Amino acid sequence: MDAFISADSDGPSIGTPRSRRDFLALAGKGATVLASSGGLASLLEAVSAQSANAGPAAGKGPVEGEISFTWWGTGERSQKTQAVMALFEQKYPKAKIQGQPVGDFNTYWQKLTVEAAARNLPDVPQMQVRYLAVYATRNVLRPLDDLVQSGAIDVSGMPKVLVDSGRGRDGKLYMVPTGSATNNWIYNASIAEKAGLAPLPPDMTWEQLQKWLLDAKDKMPAGVYAGDLRGGGDAEWWAWVSSHGQPVFSKSGKLGFSKELMVQYWNWWETLRKAGATVPAAMMQEEPTDNQQGYITLGKVMFDQRPANQLPAIQAPLTASGKGTLRLAAFPRRPSGNGQVLVNNGLSIAANCTNIPAAAAWINFFTNDPDGAKAYASSNGAVTVTKLLDAQIAETGAGSPATKEYLQFIKGVIAGRPTIVDFPPNYTAVVQAIANNYSNVAFGKATVESAVDAFFSQANAATS
């Protein structure tokens, strides 16, 4: 993914058009304007627009004209997104949003990578913390700090830890978080209760969790495993490392923890797998990535890991088939660290955007407008402004217990000082390395120790 993005660090700067680089960039835009629409007046308009985007009044100009906006998500989420866009255009009738939806998550990032390489990103792309560094370090996103300082974008209603999750490795704000998300455990409480298992404690340790799953394995109904096999997943790995008080990545982007900690982690999973407390390696390999076909959704496992915001979508088919009620449980935490890691979604502004007032107004509306928040209904992570989150929890009726549990769970995670991982560029290669090397362990092709050596070598090479 990273290879598609130009390493050119001399990209367009929008903040203060005073430097030689900015002058040249602006001159280039002006030349384009002259060529396409003909005339000095157009060039002067471009200069004026750039000037309005800088300084203490950054992004405070008239909200008018067209901006492009792209997001991921299909079906109901895409409809909700377009509903918020319609509300924005009602409030700002001189502004127009050209929507560019991309349904599939992976396809979205592939498309964005190509557009970034051409420095032709949509004005406002949806962003996520795991991918932020890829774009922020290549100067294809505009820093947003001056827009916050000018008041064009208001982040005063959200906790600081959420705001900080949108910062790049240089400390600048490149994404305004609009959906707070986290991975966590999820389990079928109905199966657990029938098996006579105690509810998972809120502050369980890794040792307690392992014992709970080992105790459960012989009490499951026929065809149901106590747990899924997630030794190759990245979210569980962040949780393990973070809860042990070690950084997942160093400031240089290399793995920030010891090999011994990784050996212990994969041995934790191997103890469960070898005891039959998880699905076997072959089932792990065959599990579809589609949530609706996942083993927890089909009732084939009691325990798994999924993002909290997916609870309502996974619960719905289980309810329809009468296979139980799901509950969320936090990753283990220790005095030295918290296993809950924020993987927030948000909105950014492309460095090539020339209509900053409209782009900033759109982000501010999406983040803070009560009607917009109600229309979107925390579809891609819990709304990040505290008063809006509280309102959604209060308004969620008895007919949507899964949605209410998800929102309350996220609120508890935020209050519990979650961990922010400094994901490096090319993080996707690290994800692939952990999956491949644990697969080698589970299929008996490598020892845990040799797989850890290979994982460290591959991951550090990928982030160099």
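Mentor: Accessible areas come from the Shrake-Rupley method with a 1.4 Å probe, and for residues only the protein chains shown count as cover. Here the protein exposes about 19,300 Å², of which carbon and sulfur atoms supply 53%. This is a predicted model, where local features need pLDDT of at least 70, side-chain atom pairs count only at pLDDT 80 or more, and totals for chains, interfaces and linings use all residues. Residues are numbered from 1 along each chain as its sequence is written, and side-chain values use heavy atoms, with hydrogens and water left out.

Trainee: What percentage of the 464 residues count as buried?

Mentor: Buried means under 20% relative accessible area, exposed over 50%, and partly exposed in between (1.4 Å probe, protein chains only). By that cut-off, 53% of the 464 residues are buried.

Trainee: Which residues touch the most other members of the largest nonpolar core?

Mentor: A nonpolar core is a set of buried Ala, Val, Leu, Ile, Met, Phe, Trp, Tyr and Cys residues joined through side-chain atoms within 4.5 Å. The largest one has 140 residues, and Tyr135, Trp212, Trp237, Met262, Trp266, Trp362 and Phe455 touch the most other members. Helix H15 (residues 356–368) gives this core its largest share, 9 residues. Helices are DSSP runs (H or I, at least four residues), numbered from the N terminus.

Trainee: What does Trp362 contact?

Mentor: Contact means heavy atoms within 4.5 Å. Beyond its neighbours within four places in sequence, Trp362 contacts Ile67, Phe69, Val84, Met85, Phe88, Ile97, Val124 and Leu347.

Trainee: Why is helix H10 described as largely enclosed?

Mentor: In H10 (residues 234–243), 10 of the 10 residues are buried, so the rest of the structure largely encloses this helix. Among them are Asp234, Glu236 and Trp238.

Definitions and conventions:
Helix = DSSP H or I, 4+ residues; strand = E, 2+ residues; numbered from the N terminus.
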